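The following note sets out points on helix packing, aromatic pairing, a peptide bond and model confidence. Please read it alongside the structure shown here.

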Amino acid sequence: MTSSTTSGGLARFNTLQERAAFAVLHEACASRAWAERLLAARPYATADDLYAASDAATAELTATDLAEAMAGHPPIGRPRPGDPTSSREQRGMAGASAELKEEMLELNLAYQGKFGHVFLICATGRTGEQMRDAVKERIGNSAGREREIVRVELGKINRIRLGRLVDLAEEEPGGPVQEEPGSPVQEEEA
């Protein structure tokens, strides 16, 4: 997604009070350091500037910051009850068979046991089977390799969430609204 001018949603984000802007950013990514870096760089002239700042902030996250960001994501196959973002992000597993959901639970537990954090993947366009295959593949990684993959996946998720923030803030003066069918922004995984 590219933008060469400040959209209404981005302009609204730029003018939010600091506390409100921090809350919006912290909801997009649970890393306090990431949110503070993006907040400090306001105002953004374009959405691309916001995305670039997000990419830079994600690249600079320490291991502790990355752990904090991952703690904000529920395991695949277990979205947070009553949380529309979590449900949307988990959409790829929504129609999965009971067997696949059980397998994902076991794989999530094994992954978390090995790495000490939730399996994180950007699930845009992925099926439950593709996510299962990804966790099976990634569970063999070293901790260092997996941390870098997680950082890349987190960056993708952050960009999608910021895109929703910028685009959807235009639709409702009070802030982001639910995605409409056919929206160009698809689900992301947490």
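1. Helix H2 passes H3 in a right-handed crossing, a crossing being right-handed if the near helix is turned clockwise from the far one by less than a right angle, and left-handed if anticlockwise. The axes of H2 (residues 18-28) and H3 come within 9 Å and cross at roughly 135°. That makes H2 oblique to H3. Angles under 35 degrees count as roughly parallel, over 145 as roughly antiparallel, 65 to 115 as roughly perpendicular and the rest as oblique. The axes are lines fitted to C-alpha atoms, for helices over the stretch in contact, with angles from 0 to 180 degrees between N-to-C directions. Helices (H or I, at least four residues) are DSSP runs numbered from the N terminus.

2. The model is predicted: local features need pLDDT of at least 70, side-chain atom pairs count only at pLDDT 80 or more, and totals for chains, interfaces and linings use all residues. Residues are numbered from 1 along each chain as its sequence is written, and side-chain values use heavy atoms, with hydrogens and water left out.

3. On the H2 side, Glu-18, Ala-21, Phe-22, Leu-25, His-26 and Ala-28 meet Arg-32, Trp-34, Ala-35, Glu-36, Leu-38 and Leu-39 in H3, contact meaning heavy atoms within 4.5 Å. The residues of this contact divide into eight nonpolar, one polar and three charged. Here Ala, Val, Leu, Ile, Met, Phe, Trp, Tyr, Cys and Pro count as nonpolar, Asp, Glu, Lys and Arg as charged, and the others, Gly among them, as polar.

4. The axes of H3 and H4 come within 9 Å and cross at roughly 145°, and this crossing is right-handed. Trp-34, Arg-37 and Leu-38 of H3 make the contact with Leu-50, Ala-53, Ser-54, Ala-57 and Thr-58 of H4. By class, there are five nonpolar, two polar and one charged residues.

5. Pro-43 lies in the loop between helix H3 (32-40) and helix H4 (47-59). The peptide bond from Arg-42 to Pro-43 is cis, with omega near 5°. In general, most peptide bonds are trans.

6. For helix H8 (residues 98-115) and helix H9 (residues 128-138), the axes come within 10 Å and cross at roughly 30°. That makes H8 roughly parallel to H9. Their crossing is left-handed. Leu-100, Glu-103, Met-104, Leu-107, Tyr-111 and Phe-115 in H8 meet residues of H9 including Met-131, Arg-132 and Val-135.

7. Rings of Phe, Tyr and Trp (its six-membered ring) pair if their centres lie within 6.5 Å; planes under 30 degrees apart count as stacked, over 60 as edge-to-face and the rest as tilted. The rings of Tyr-111 and Phe-115 have centres 4.7 Å apart and planes at 50°, so the pair is tilted. Tyr-111 and Phe-115 are separated by about one helical turn, because they are four residues apart in helix H8.

8. The mean pLDDT of the chain is 83, and 77% of its residues reach 70 or more, where pLDDT is the predictor's confidence in each residue, from 0 to 100. Over residues 1-5 the pLDDT stays under 50, and the model has twelve contacts beyond four places in sequence for them. Residues 169-190 also have pLDDT below 50; beyond near neighbours in sequence, this stretch has 72 contacts in the model.

Definitions and conventions:
Helix = DSSP H or I, 4+ residues; strand = E, 2+ residues; numbered from the N terminus.
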